[in-house]
Amino acid sequence: MVKKIITKLGSLYLFCLGMILSNQLVWKILNSKNRFLYKSSQKKLSQLEKKLLTQLKKDGIAITSLQELFGIDQVNFLDWKEKQKESNITPNKKDFLTYYLGGSYQNKIQKFYTKDVLIDFSLRDELLSIVNGYFNMFTRLVYLEFNETKIIEEKESLKMSQNFHRDPGLHGCIKVFLYLTKVEEGGGAFTYIKDSHFLGKFGKVLRSKYFGAGGVYPSLDKINKEIPQENITEVFGDIGTVIIADTTGLHRGGISFKEKREMTTSVFYPEHDYHKSKIEWLFEDEEQISRQQSFAMNNRN
Ligand SMILES: [Fe+2]
């Protein structure tokens, strides 16, 4: 009985919060400083950054690579992932994944003592310019994850985020995925429904709960009824493939019949979204960092 009341109160809270924060005027006022910071510090985007941002706004997803976007290869990441796998298996809710970093966004604070390869990647100006350009404001890096899929039988029923869903987010949520294994058919590919992000044609179809403060898991029947098949995109790619996606659009992943897939996730939300940063930075920056990097780290702002 008490549990039921708590659940109901939680839903009511999210409903009210979602209703208020999803209001365009409220959102604009709350974020006026962050929009100003973005506008006033906006650096000129490169041709590639422009292309990726246009793609992201149009489809809800843009695909590039470490080499193309940053001119770096995956060598440092291969070292990083081996160290990560040796030292950590973190608890999680999804039994089809093994987590080496993160795995419990809701409850766990993430502490970082040094600027490692994944943090360096997530805070690169090239990437932040695209993420901030999408939201039209400075945004926060709120959470980092590294996991590996487990092999399942083809007939096994799909669980949680293996099914199409929308992540919570009042005005979008950007997740940046980096493949650390080659991903082919049956290998746990990230799968996205183009045009289902909040700016897209299917943004208002099969909508999230509580005005975006909660996610939603529509049935496959509903997806097939509402969405053209050609919009469903499975992202295959080599090690070093970088996927930038608004995951309040419909997506799924982690279905590995043949090969395991290793992938990192860097999550970005606007400061005033219901989802706040879970990261505590416990290191001093040795070098000069840009304003958007400082803001993304929730540092000195
Ligand atoms: Fe998701």
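This is a predicted model: local features need pLDDT of at least 70, side-chain atom pairs count only at pLDDT 80 or more; totals for chains, interfaces and linings use all residues.
Trainee: Where should I start with helix packing, and at what angle do helix H4 and helix H8 pack?

Mentor: Start with the angle and the distance between the axes. Helix H4, residues 47-59, packs on helix H8, residues 125-135, at about 35°, and their axes are 10 Å apart. The crossing of H4 and H8 is right-handed.

Trainee: Which residues make the contact?

Mentor: From H4 come Glu 49, Leu 52, Leu 53, Leu 56 and Lys 57. From H8 come Glu 126, Ser 129, Ile 130, Gly 133 and Tyr 134. By type, the residues of this contact are five nonpolar, two polar and three charged.

Trainee: Is H8 mostly covered or mostly open?

Mentor: H8 is mostly covered, with eight of its eleven residues buried. Among them are Leu 127, Leu 128, Val 131, Asn 132 and Phe 135. Ser 129, Ile 130 and Tyr 134 are also buried, and these three take part in the contact with H4.

Trainee: Now the core. Which residues touch the most other members of the largest nonpolar core?

Mentor: The largest nonpolar core has 56 residues, and Leu 178, Ile 243 and Ile 244 touch the most other members. H8 gives the most to this core, with six residues.

Trainee: What does Ile 244 touch?

Mentor: Leaving out residues up to four places away in sequence, Ile 244 touches Leu 52, Leu 56, Ala 62, Ile 130, Ile 174 and Val 176. Leu 52 and Leu 56 belong to the H4 side of the helix contact, and Ile 130 to the H8 side.

Trainee: Ile 174 and Val 176 are in strand S5. Why is S5 described as largely enclosed?

Mentor: Strand S5 covers residues 174-179, and six of its six residues are buried, so the rest of the structure largely encloses it. Check the two faces separately. Ile 174, Val 176 and Leu 178 are buried on one side, and Lys 175, Phe 177 and Tyr 179 are buried on the other.

Trainee: How do I read the pairing of a strand?

Mentor: Strands of a sheet pair through backbone hydrogen bonds, in either a parallel or an antiparallel way. S5 runs antiparallel to strand S8, residues 241-246, and five bridges join them. S5 also pairs with strand S10, residues 262-270, in the antiparallel sense over six bridges. Ile 174 shows both pairings: it stands opposite Asp 246 in S8, and its bridge partner in S10 is Phe 268.

Trainee: What is the order of the open sheet of three strands?

Mentor: The order is S7-S6-S9, with antiparallel pairing. Strand S7 (232-235) and strand S9 (251-252) are at the edges with a single partner strand each, so one side of each has no neighbour in the sheet. Strand S6, residues 190-193, is joined to S9 by two bridges, and Tyr 192 has His 251 as its bridge partner in S9.

Trainee: Is Asp 195 buried or exposed?

Mentor: Asp 195 is buried, with 20 other C-beta atoms within 10 Å. Asp 195 has a positive phi of about 75° and is not a glycine. The loop that holds Asp 195 runs between S6 and helix H9 (220-226).

Terms used. Residues are numbered from 1 along each chain as its sequence is written. Axes are lines fitted to C-alpha atoms, for helices over the stretch in contact, and angles run from 0 to 180 degrees between N-to-C directions. Helices (H or I, at least four residues) and strands (E, at least two) are DSSP runs, numbered from the N terminus. A crossing is left-handed if the near helix is turned anticlockwise from the far one by less than a right angle, and right-handed if clockwise. Two residues are in contact if their C-beta atoms, placed from the backbone, lie within 7 Å. Ala, Val, Leu, Ile, Met, Phe, Trp, Tyr, Cys and Pro count as nonpolar, Asp, Glu, Lys and Arg as charged, and the others, Gly among them, as polar. A nonpolar core is a set of buried Ala, Val, Leu, Ile, Met, Phe, Trp, Tyr and Cys residues joined through C-beta atoms within 7 Å. A residue is buried if 20 or more other C-beta atoms lie within 10 Å of its own, exposed if 12 or fewer, and partly exposed in between; C-beta atoms are placed from the backbone. Two strands pair if DSSP finds at least two bridges between them.
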